[in-house]
Amino acid sequence: MQEVSGLLAHEVHLGMLPVTSLDSGAPYGGACCTLLCIKKAVKGTALIGGGAIATVFGLSQFSQYRNKHGTFVHVQAAEAVTVPIKNHFPTREEQILTLQTTSEFDVLVIGGGATGCGCALDAVTRGLKTALLERDDFSSGTSSRSTKLIHGGVRYLQKAIMKLDFEQYKMVKEALEERANLLEIAPHLSAPLPIMLPVYKWWQLPYYWFGIKLYDIVAGSQCLKSSYVLSKSRALELFPMLRKDELVGAIVYYDGQHNDARMNLAIALTAARYGAATANYAEVLRLLKTTDAASGKERVCGVRCRDVLTGQEFDVKAKCVINATGPFTDSVRKMDDQEVPNICQPSAGVHIVMPGYYSPDNMGLLDPATSDGRVIFFLPWEKMTIAGTTDSPTDVTSHPIPTEEDINFILNEVRNYLSVDVEVRRGDVLAAWSGIRPLVTDPNSKDTQSISRNHVVTISDSGLVTIAGGKWTTYRAMAQDTIDAAIQAHDLKAGSSKTIGLQLQGAEDWSPTLYIRLVQDYGLESEVAQHLASTYGDKAFEVAKIAQVTGKRWPIVGKRLVSEFPYIEAEVVYGVKEYARTAVDMISRRTRLAFLNVQAAEEALPRIVDIMGKELNWSEQKKKEEFEAAKKFLYYEMGYKVKSDQLTDSSEISLVPSDIERYKKRFHMFDKDKKGFITILDVQRVLESISVQIAENTLHEILNEVDLNKNGQVELNEFLQLMSAIQKGHVSGSRLAVLMKTAEENLRQRVVIPVDRSGGGL
């Protein structure tokens, strides 16, 4: 197996012993599982002793040649695809029918994450008849819960240099090459991002500068932009929230950032347009096997699967079955052989999202050495701020939940780097999630932080191909290695990979100014147009065409789902065409509302369910089930639960006596009858006295945010608990608190009271 460039050699290992190379064409042997640790070794170079620095430089010169040669590869690979691409992808119903009626596929991929969809795209563009099954939604697992970075891994390069680890170096090198390719094939979904590394000790400045410069050198001509050093004053100018005390200066380097779930979906849709039969909500129940007449051994020949939406079961036959299920890798391998040892060690990574004012619009922050040795990123994303991640062993689950301990760890690390003028409040956490990394187990490692993020491909005795480990950035290289191995192991007739330089869905006619045409041609708000262009690329026009007229002077079309985010109702209709089949699909992966602000996502849910219900012919009962399932998802998996944990019946009231009296007076302004609680009628009475009208359903929502025992009324104790939590920073954006304070201050002035959600922290 060789790369298109022909400059890399590969080795195949059986346990610890080298066996036949994939390039030799010789058959596989051995009674146990063949472990294909596909390793790309650069000829004539090694990181040894004091020559490590010179070697890195030499390798970078080698990369210059490869990159020049690779320019031709990018063009040739994209043009070499002989499989016709359809203008539109088939409907899900058509895809299910294809799966049911095709006698045999060449390749069947299990798993609809980045790697699985990458395998499907790689296989179908080589001319192989390809199918893909995902038991949930595309990108529903780890691939949508990343740090949103496309990067080589600065800390892995540090390990490579400090430990003279050539494997780590090769992983970083490969990731930097894939970073450049990913930014090229999906420019609407990805972009370079400057990341600042603040320095608080003089000796660290040359140390970090040297490491970051090596990162640039390893990237070679694919370096996004050269890193540079900033003085203290310039660093504070670019990142004014930064802690000033003892700041020496800063170093800025560049990596890539993307919309991970939408990128995953773009890969899946591109594969579908090239002819792959891809289906979400298609669960694999068991592997099908047949006895090889020549060898007498059992061989995997397909799967028994179930359409989760209809309950219908059917067989899908294939010459080769690929297991690309991320954290669930071992569960599929055990379908093949119950006795097979585990090769994955799952690790949980928690992220939080905070308001955009916590970071500059276009500058991230890297904490290279947290209190427990982890690395924390603090990045602008979708006009919010994302912070993470943690790294701790975990059990494999379909529904990982962020813990309060991890959230507070991230907040504490953020506090260490931000100015004392910026109060980092627990209540400003708008969303939180946990993702499970499918790390490859190293028997000698003591914890998951020391495990390599490199990938391995294994082929079992029965022919099941498994791809495990790796990272988001290298999904394409992982897919190429996997399909190369599958072709060799199953004697499939196909050429080399065609995916280098192959543009993904929406990229072909995209340009940075495309959004202007959307504004001019359809009358969309500029913010909405920019969002559509950066989400759908050149397919944004298809969304704009179905956008509803607002009835306003401006914007002409495009009704927002929630006021503070640019998502519009037409995206829900289009999302159904993109295979969205649940409300969770829509709030978390077609739009990213759940990842940006869980309260905003909950606010948009009723309208989303109504639109999807109309498109998918849902009954009233089905709509109710979808609404409840989405609320449960927000509550447990996206951090909503931690909001209720911050304000409960047992929450401590830690207010000074003067504050208690002040808040009691405010409360009694609404509770005229001294009942000890207030209801919607009490609030309406006060609002009417100052000529303000608020819809009754909105008032229900406002009171429900504070009504801890859910008895339809807010009691004095609940109100004091709320005000105490606000003072501590545990709760922010309470509409009831803002409404009551504004009413008290403006009762005689008759000023309109704002009731829009002011951030909606958790």
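1. Strand β6 (residues 105-110) and strand β7 are paired in the parallel sense over 4 bridges, where two strands count as paired if DSSP finds at least two bridges between them. Within this pairing, V109 has L132 of β7 as its bridge partner. To pass from β6 to β7 the chain goes through helix α3 (residues 114-125), and this β-α-β crossover is right-handed, a term meaning that, with the strands pointing away from the viewer, the path from the first strand over the helix to the second runs clockwise. Helices (H or I, at least four residues) and strands (E, at least two) are DSSP runs, numbered from the N terminus.

2. This is a predicted model, in which local features need pLDDT of at least 70 and side-chain atom pairs count only at pLDDT 80 or more, while totals for chains, interfaces and linings use all residues. Residues are numbered from 1 along each chain as its sequence is written, and side-chain values use heavy atoms, with hydrogens and water left out.

3. How do the side chains of β7 point? In β7 (residues 130-133), T130 and L132 point one way whereas A131 and L133 point the other way, and all are buried, that is, under 20% relative accessible area, with exposed meaning over 50% and partly exposed in between (1.4 Å probe, protein chains only). In a regular strand the side chains alternate between the two faces of the sheet. Strand β7 also pairs in the parallel sense with strand β12 (residues 277-279), over 3 bridges, and here A131 stands opposite A277 of β12.

4. For the protein as a whole, the model holds 25 helices and 25 strands, and buried residues make up 59% of its 762 residues. Of the contacts with a separation of 6 or more, 73% are between residues 24 or more positions apart, a contact being heavy atoms within 4.5 Å.

5. Confidence deserves attention when reading the chain: the average pLDDT is 85, and 84% of the residues score at least 70, pLDDT being the predictor's confidence in each residue, from 0 to 100. Over residues 1-74, however, pLDDT stays under 50, and for this stretch the model has 139 contacts beyond four places in sequence.

6. Helix α13 (residues 526-536) has V528, A529, H531, L532, A533, T535 and Y536 among its buried residues. The cover over the buried residues of α13 includes α8 (260-273), α12 (514-522), α14 (540-545), α15 (570-577) and α16 (583-590). Just after α13, G537 takes a positive phi of about 60°.

7. Leaving aside neighbours within four places in sequence, E313 is in contact with L285, R304, C305 and R306, and its C-alpha atom is 9.3 Å from that of E283, which is 30 residues away along the chain.

8. F328 has its place in the loop between β15 and α9 (329-336) and is partly exposed, with a relative accessible area of 22%. Apart from neighbours within four places in sequence, F328 is in contact with R135, V396, T397 and S398. F328 and G111 are 217 residues apart in sequence, yet 9.2 Å apart in space, C-alpha to C-alpha.
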